[in-house]
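Please keep the structure in view while reading.

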Amino acid sequence: MGHAATQIILAGSQLGLFEFLHENGPQTKGTIEEALGLKRSDGSTRPIEVLLLGSTSIGLTVLDKREKTYRNCEIIDRLFTTGGWRSIADLIDLEAIIKYKGEFHFVESLRKDTNVGLQEWPGAADNLYSRLPQTPGAQKIFYDLMNSFTAFSIPCLSNTSKVAATSFKLLDVGGGAAVAAIHLAKKFQQLSITLWDQHETIEIPMNHITKAGLKGRISLLAGSFITDPFPEAGSPLSVYLCAF
């Protein structure tokens, strides 16, 4: 029942169920229904009942049968407390909205040894990343996840990596919105960084780099690390792979 679980956690995230319970504590079904905009003029309570039955059945919410109230499970509340929920919410969106579309074609892809699921996305490119911009909102979902995960992991890397601390030139491969490049440039003043990403997305990081005042230290290069040769550069050169 993984498909159902995915839709339940997606609904809980996008409707604001988990955020509402975290901010307000245990709440009754009626209060949650109104807060999430699921209250119907015809009096039907089916939408909120389906949502809460699903979220409670798979352990995302907990029902206090005596008080008839619902609260978040411990893991979700801990994610909100530690600041990790945003990354999880972005991951939920990517898995449920983008990845599921292609996974319907998984068996056929195995039989044909090709990415059949790509047909779900308009465009002529031979990869998903190049097609995402042609579907409104899809590219934002992808980059929200990339940015969340990078922001979550890059401080750990920068605190432990001797390579970044001792290098002078760095190639950020698949650097996306420049979250990693900006963090590293601010932390290591000797670094000159080249952000290398696809033609379709290379303009995305420009505003972030400009806002950070780092145009002189972070340059942009369009290309594909899958099909193009790696750029030549003088030494010393280190490579940071920022692709999930």
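## A charged pair in helix α6

Aspartate 90 and arginine 86 lie 4 residues apart in helix α6, so about one helical turn separates them. In this predicted model, the two residues form a salt bridge, and their closest N and O atoms are 3.1 Å apart. Side chains of opposite charge can pair when their charged atoms come close.

The two partners may also be compared by their accessibility. Aspartate 90 has a relative accessibility of 7% and therefore counts as buried, the limit for that class being under 20%. Arginine 86, at 48%, counts as partly exposed.

## A further pair in helix α6

Helix α6 also holds lysine 99 and glutamate 95, which are 4 residues apart, or about one turn of the helix. A salt bridge joins lysine 99 to glutamate 95, with 3.2 Å between the closest N and O atoms.

Lysine 99 has a relative accessible area of 37% and is partly exposed. Glutamate 95 counts as partly exposed at 26% relative accessibility.

## A pair in helix α9

Helix α9 covers residues 138–160, and within it aspartate 144 and lysine 140 are 4 residues apart, about one helical turn. Their side chains meet in a salt bridge with an N to O distance of 2.7 Å.

Aspartate 144 has a relative accessibility of 25%, so it counts as partly exposed. Lysine 140 reaches 56% and counts as exposed, because the limit for that class is over 50%. The count of salt bridges comes to 7, and the pair of aspartate 144 and lysine 140 is one of them.

## The nonpolar cores

Which residues of the largest nonpolar core touch the most other members? They are Leu17, Phe18, Ile32, Leu36, Ile76 and Trp85, in a core of 21 residues. Two or more residues of this core come from each of the helices α1 (2–14), α2 (17–24), α4 (46–57), α5 (74–82) and α6 (85–103). Another core, of 17 residues, lies apart from it and includes Ala164, Ala178, Ile182 and Ala185.

Phenylalanine 18 illustrates the surroundings of one core member. When its neighbours within four places in sequence are left aside, phenylalanine 18 is in contact with Ile9, Gly12, Ser13, Leu60, Thr61, Asn72, Ile76, Phe80 and Trp85. Among these contacts, Ile76 and Trp85 are also listed with the core residues that touch the most other members.

Notes: Residues are numbered from 1 along each chain as its sequence is written. This is a predicted model: local features need pLDDT of at least 70, side-chain atom pairs count only at pLDDT 80 or more; totals for chains, interfaces and linings use all residues. Side-chain values use heavy atoms; hydrogens and water are left out. A nonpolar core is a set of buried Ala, Val, Leu, Ile, Met, Phe, Trp, Tyr and Cys residues joined through side-chain atoms within 4.5 Å. Buried means under 20% relative accessible area, exposed over 50%, partly exposed in between (1.4 Å probe, protein chains only). Contact means heavy atoms within 4.5 Å. A salt bridge is a side-chain nitrogen of Lys or Arg within 4 Å of a carboxyl oxygen of Asp or Glu.
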